[in-house]
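Subject: structure handover

Hi,

Here is the structure I promised to pass on. Have a look at it first, then read my notes below.

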Amino acid sequence: MTGLAELTIAAARDSLRAGDLTAAELAEACLGAAEGAATLNAYSELTPDMARAQAQAADARLKAGEAPDLCGIPLGIKDLFCVEGVRSQAASNILESFLPQYESTVTAKLWAEGAVCIGKLNMDEFAMGSSNETSCYGPVKSPWQRAGDNRPLTPGGSSGGSAAAVSADLCLGATGTDTGGSIRQPAAFTGIVGVKPTYGRCSRWGIVAFASSLDQAGPMAKTVRDAAIMLKAMAGHDPKDSTSADLPVPDFEAALSGDIRGKKIGIPKEYRVDGMPAEIEAIWQKGAEMLRDAGADVVDISLPHTKYALPAYYVIAPAEASSNLARYDGVRYGRRAKLAAGDGITDLYERTRAEGFGAEVQRRVMIGTYVLSAGYYDAYYLRAQKVRTLIKRDFEAAFDGGIDAILTPATPSSAFALGEMADADPVQMYLNDVFTVTVNLAGLPGVSVPVGLDGHGLPLGLQIIGRPWEEAEMLNTAYAIERASGFSSKPAKWW
């Protein structure tokens with residue numbers, strides 16, 4: 001069974017349908033790979049019993065000739081998604097031992113399609129982080145290393161476990177969530193494809209909330225085709241989520257022709273930020289040239305309010321986080337602090353939260369509470385929402401002007417070493433989101449595609465931003481870049 005875990009979703013699907021392998025064999029290969037990669041710390045918990053039962057059911061469907069695209073495909077699930085009866089902690093001590101008695105809509109859709117759950121994946125606590133160093137499970141190590149340097153690197157965050165697991169062939173695909181870049185940035189750092197769909201395309205029900213107006217689930221996979229296959233299964237209207245869009249779900253895979261002749265691709269001048277590494281600029285130019293060679297018209301555009309995106313995001317996201325995380329009080333579920341004689345309910349709240357929330361979560365909750373407080377609401381939160389509207393209008397003006405998609409870098413650098421930013425100003429870490437937060441603020445779809453390696457042999461990715469609800473066209477543009485770049489690099493196994 002050597003090599004089965006290295007298959008793409010599309011290749012595994014075809015082999016399963018042809019009877020060349022079984023779902024049980026594929027599940028065992030991924031379970032074995034995951035068990036042998038404990039050093040990476042990508043999984044917070046493996047679910048072998050669940051995987052084997054699902055694989056057995058998938059084989060029965062395959063034998064009966066009733067196999068959807070994901071039937072028998074082993075997936076990893078980010079710890080933010082509630083899976084019934086499986087520990088789901090959002091990588092936080094405050095939710096220790098929480099076993100949900102319900103299934104998130106996205107995972108329910110995946111299981112209905114016959115997908116196989118290999119386990120829950122590590123992440124930044126409550127999805128707050130860009131390096132997967134805020135997890136109660138400890139940091140995830142990237143399967144990639146710099147040439148001649150064995151220091152462990154970050155896989156990115158918050159979906160770092162998902163990125164590392166897919167890149168290291170510990171599963172064929174994984175779910176992620178993206179609030180400000182948490183799918184696209186780790187995908188770029190680990191040489192895989194990550195899709196943040198239009199806000200409302202995938203249900204948020206049963207996914208632990210960070211910032212409700214920004215969060216969106218999406219697929220992380222080895223290729224654009226694999227991501228398209230996963231997205232079709234994950235997407236769709238859900239009456240349990242009031243923000244879920246009641247729109248038909250296209251066949252995203254069928255749209256992958258690679259033909260982008262006559263398409264107009266915008267290059268926003270505001271994304272040329274100060275201090276951008278020459279390698280990022282070079283790969284961006286390379287991406288533009290590949291699109292031109294494929295027949296697209298590449299033009300410069302302006303998104304004038306881009307410079308305000310990070311400050312607006314880091315007001316809005318913490319504000320929504322402080323509201324969402326107020327439910328964790330030690331009373332109903334999760335961690336409960338021990339009280340001394342004479343302590344009251346306020347002591348319970350304070351001690352539980354002090355013990356249960358990590359430093360980064362505490363920082364963002366305090367920021368969020370501050371900007372929502374009397375006297376500061378208008379000065380910060382209301383103003384940030386007005387800026388958000390202006391950012392959204394910038395994109396609308398570009399698309400109304402005939403732009404079909406926008407090409408930008410995915411990250412301002414390649415992966416950095418774990419601990420490298422530990423003593424830095426937190427704002428330095430937040431700058432990792434400089435190219436991605438605008439997409440969340442505007443509710444747009446975005447995809448990160450690997451296109452090359454930097455001088456240290458680490459992956460670099462480009463981002464395609466699409467029109468709202470036009471993930472199919474966005475993915476086709478990404479497919480054209482994927483084919484033109486021919487990126488096929490894999491990390492050398494050291495774990």
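This is a predicted model: local features need pLDDT of at least 70, side-chain atom pairs count only at pLDDT 80 or more; totals for chains, interfaces and linings use all residues.

Residues are numbered from 1 along each chain as its sequence is written, and side-chain values use heavy atoms, with hydrogens and water left out. Helices (H or I, at least four residues) and strands (E, at least two) are DSSP runs, numbered from the N terminus.

Back to α8 itself. This helix covers residues 278-293, 16 residues in total, and reaches 22 Å from its first C-alpha to its last, close to the 22 Å expected at 1.5 Å a residue (that is, 1.5 Å times one less than the number of residues). Its buried residues are Ile 280, Ile 283, Trp 284, Gly 287, Ala 288, Met 290 and Leu 291. They cover an arc of only 160° around the axis, which puts them on the same side of α8; the arc is taken from the directions from the helix axis to the C-beta atoms. On the other side of α8, Ala 278 and Asp 293 are exposed. Buried means under 20% relative accessible area, exposed over 50%, and partly exposed in between (1.4 Å probe, protein chains only). Among the elements that cover the buried residues of α8 are β7 (264-268), β8 (297-301) and α15 (471-485).

Next, the sheet. It is open, has eleven strands with mixed pairing, and runs in the order β1-β3-β2-β4-β6-β5-β10-β11-β9-β7-β8. Both β1 (43-46) and β8 stand at the edges with a single partner strand each, so one side of each is left without a neighbour in the sheet. Strands pair if DSSP finds at least two bridges between them. β1 and β3 (residues 116-121) run antiparallel and are joined by three bridges; Leu 46 has Gly 119 in β3 as its bridge partner.

Finally, which residue sits in the loop between β2 (74-78) and α4 (105-112)? That is Ser 88, which is buried, with a relative accessible area of 0%. The side chains of Ser 88 and Lys 120 are joined by a polar contact of 2.8 Å (a pair of N or O atoms within 3.5 Å; within protein, one must be able to donate a hydrogen and the other to accept it, and residues adjacent in sequence count only if both atoms are side-chain atoms). Leaving aside neighbours within four places in sequence, Ser 88 is in contact (heavy atoms within 4.5 Å) with residues including Asp 79, Phe 81 and Phe 98.

Cheers
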